[in-house]
Amino acid sequence: NKLKFKDLGEAIISVSKNFSSWPPCLLAFSIYGTLIAFSGAWGVPYLMQVYGLTRSQASNFMMIIAIGMMVGCPLIGFISDRLKRRKEPFLLIVVLYLGAWLALTFINSGKPPIIYLYPIFFIMGIGGSAMVLALTCTKEANRPEFTGMATGLVNVGAFAGISILQPLMGYILDKNWQGTLIEGIKTYPQEAYLKTFLLCIGILLLTSWSVFLLKEPNTNK
C-alpha cells in the first residue's frame, strides 16, 4: 500500500509539473465545458423560449449535437493518426467549433433561421471530438505508466468547465430575466441567451491560443 501511495504521488507531481499536460486540459475546459453546459442544460430552454419549440422538438435538435460528436470523434482521431500530427487537427476543431458559436450568436442576434440550426449544432457536436485529441495529447506528453493520471487531468478540466460554466450561464440568464413566468417557469428573453453565448465565445477566445502549445507525438515541440 505504501508503494502504491508513493507511486500515486509521483504520478501527480510528474503530470502536474509537465507543462505539456496543461494546454489539452485548458482546451477541454473551454470546449467540452461550453458544449455540455449548452447541450445538457440550456439548449432545450433556449429553443423552447426563443423559437417556441416543444420540449420534444428542442430535444431532437440537441440530438444533432450528439450525432456530430459520434461522427467527429472517430473521424478526427483517424485524421490525426494518419497525419501523425495533433496541432493541425485540433486547430481545425477549434476553428469549426468557434465558428458554430459565432454563427449562433451573431446571425439575427442569437436567433438564426431555424434551418441554420441543423449545421450549427452538427458542427458544435464535431467540436466535442476535442476531448479525443485532448486525452491523446496529454497521454503522449507524459510517461506511459502515468497515462491514467494524465487522462484524469483532462477529465478534471472538462468537468470543471461544465461545473463552472453551467451555473454561470444560469446566473447571467437570471440577471437578465424580465419577470416573465409561463406555467411557473422562468422564461428568458432572446437577449439573455445572447449574453450567455457571448460568454462562451469569450471563454473560447481566451483559451484557443493554447492549441499552439500542444506537444506533437514523439517530439519535443
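This is a predicted model: local features need pLDDT of at least 70, side-chain atom pairs count only at pLDDT 80 or more; totals for chains, interfaces and linings use all residues.
**Exercise 1. Where is N108 found, and what is its phi near?**

*Solution.* 
Step 1. Find the loop. N108 is in the loop between helix 4 and helix 5 (117–127).

Step 2. Read phi. For N108 the angle is near 55°. The value is positive, and N108 is a residue other than glycine.

**Exercise 2. At what angle do helix 2 and helix 6 pack, and which residues meet?**

*Solution.* 
Step 1. Recall what to report. Two packed helices are described by the angle between their axes and the distance between the axes.

Step 2. Helix 2 (residues 22–51) and helix 6 (residues 130–141) pack at about 165°, and their axes are 9 Å apart.

Step 3. Name the arrangement. Angles over 145 degrees count as roughly antiparallel. So helix 2 is roughly antiparallel to helix 6.

Step 4. The crossing of helix 2 past helix 6 is left-handed.

Step 5. List the partners. Helix 2 brings P24, A28, I31 and Y32. Helix 6 brings A130, M131, A134, C137 and T138.

Step 6. Sort them by type. This contact has 8 nonpolar residues, 1 polar and no charged.

**Exercise 3. How far apart are the axes of helix 2 and helix 7, and what is the handedness of their crossing?**

*Solution.* 
Step 1. Take the geometry. Helix 2 and helix 7 (residues 147–175) pack at an angle of about 45°, and their axes are 6 Å apart.

Step 2. Classify the angle. Helix 2 and helix 7 are therefore oblique to each other.

Step 3. Check the handedness. Helix 2 and helix 7 make a right-handed crossing.

Step 4. Sort the residues in contact. They divide into 19 nonpolar, 6 polar and no charged.

**Exercise 4. Which residues are linked with R143 in a network of salt bridges?**

*Solution.* 
Step 1. Side chains of opposite charge can pair when their charged atoms come close.

Step 2. Note the total. The structure holds 7 salt bridges.

Step 3. Take one of them. E10 and R143 meet through their side chains, with 3.5 Å from N to O. E10 is in helix 1 (residues 2–17), and R143 is in the loop between helix 6 and helix 7. The two are 133 residues apart, so the pair links distant parts of the chain.

Step 4. Find another partner of R143. E145 forms a salt bridge with R143, and their closest N and O atoms are 2.7 Å apart.

Step 5. Join the pairs. E10, R143 and E145 are linked in a network of salt bridges.

Step 6. Check how open each member is. E10 is partly exposed at 36% relative accessibility. R143 is partly exposed at 39%. E145 is exposed, with a relative accessible area of 52%.

**Exercise 5. R85 and E216 meet in a salt bridge. Where does each lie?**

*Solution.* 
Step 1. Give the distance. The R85 and E216 side chains meet at 3.3 Å, N to O.

Step 2. Locate both ends. R85 lies in the loop between helix 3 (55–83) and helix 4 (87–106). E216 lies in the segment after helix 8 (190–207). So the pair ties together parts that are 131 residues apart in sequence.

Step 3. Compare accessibility. R85 is partly exposed at 25%, whereas E216 is buried at 2%.

How values were computed. Residues are numbered from 1 along each chain as its sequence is written. Side-chain values use heavy atoms; hydrogens and water are left out. Axes are lines fitted to C-alpha atoms, for helices over the stretch in contact, and angles run from 0 to 180 degrees between N-to-C directions. Helices (H or I, at least four residues) and strands (E, at least two) are DSSP runs, numbered from the N terminus. Angles under 35 degrees count as roughly parallel, over 145 as roughly antiparallel, 65 to 115 as roughly perpendicular and the rest as oblique. A crossing is left-handed if the near helix is turned anticlockwise from the far one by less than a right angle, and right-handed if clockwise. Contact means heavy atoms within 4.5 Å. Ala, Val, Leu, Ile, Met, Phe, Trp, Tyr, Cys and Pro count as nonpolar, Asp, Glu, Lys and Arg as charged, and the others, Gly among them, as polar. A salt bridge is a side-chain nitrogen of Lys or Arg within 4 Å of a carboxyl oxygen of Asp or Glu. Buried means under 20% relative accessible area, exposed over 50%, partly exposed in between (1.4 Å probe, protein chains only).
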